[in-house]
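Thanks for making time this morning. I would like to walk you through one structure, with an eye on its charged pairs and on one of its helices.

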Amino acid sequence: MLATEDVAAQVIRRGMHPVAQSVTDLNSTYPRGVAAVRLSVPGGGEVVVSSLHFAPQEDNRLRHAEHVAALVRGAGAPVIVGGDLNETADGAARRLLDPLLRDPAGQSEHTFPAAGPVRRIDAILVGEGVRVRDARAVRSTARVGEERLSGASDHLPTPLDVSV
């Protein structure tokens, strides 16, 4: 059995596939968007992993979601997409992605604001072919207490345990 570091090294060594991007809110202090990479999975196969930060404005979030939808439809491999969606599951961008990606964590797994979470605006979404063993928001760990973790960001982390 390979150690986690060995697996990560094999995945990275096999290369990344860039996905063309466009910034939709050029006037923003912090432009948001979508980045993706195609990874080889040790033992065979591929997975497309995407990190995103959707814009605060709904029209830009919809553009980002359309980009993600095109990415998923053209991936030819299982897809995992995660980040700050800046809206809850009933938002327009999330509804656009619903036919393609699902949020395996419960909507009660609130992520924002970290100090007193009341909404789930951060998620890791998965497409067909991704098996999820665990999905949740994390308020603390064995080594990091709730106060310290909630002070690290204004969002709580949302780990996902998957296999493809």
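Predicted model: local features only at pLDDT ≥ 70, side-chain atom pairs only at ≥ 80, totals over all residues.

Let me begin with R133, which counts as exposed at 55% relative accessibility, where exposed means over 50% relative accessible area, buried means under 20%, and partly exposed lies in between, with a 1.4 Å probe and protein chains only. Residues are numbered from 1 along each chain as its sequence is written, and side-chain values use heavy atoms, with hydrogens and water left out.

The side chain of R133 meets that of D161 in a salt bridge, at 2.9 Å from N to O; by salt bridge I mean a side-chain nitrogen of Lys or Arg within 4 Å of a carboxyl oxygen of Asp or Glu. Since R133 sits in strand β5 (residues 131–135) and D161 in strand β6 (residues 160–163), the pair ties together parts that are 28 residues apart in sequence. Strands here are DSSP runs of E with at least two residues, helices are runs of H or I with at least four, and both are numbered from the N terminus. D161 itself is partly exposed, with a relative accessible area of 35%.

How many salt bridges does the structure hold? There are eight, and among them is the one between R61 and E87, whose side chains meet at 2.8 Å, N to O. This pair links distant parts of the chain, with R61 in helix α2 and E87 in the loop between β3 and α3, 26 residues apart. R61 is buried, with a relative accessible area of 8%, and E87 is buried as well, at 6%.

Just after α2, G76 takes a positive phi of about 65°.

Finally, R38 forms a salt bridge with E46, the closest N and O atoms being 3.2 Å apart, and E46 is partly exposed at 36% relative accessible area. R94, D103 and R120, for their part, are linked in a network of salt bridges.
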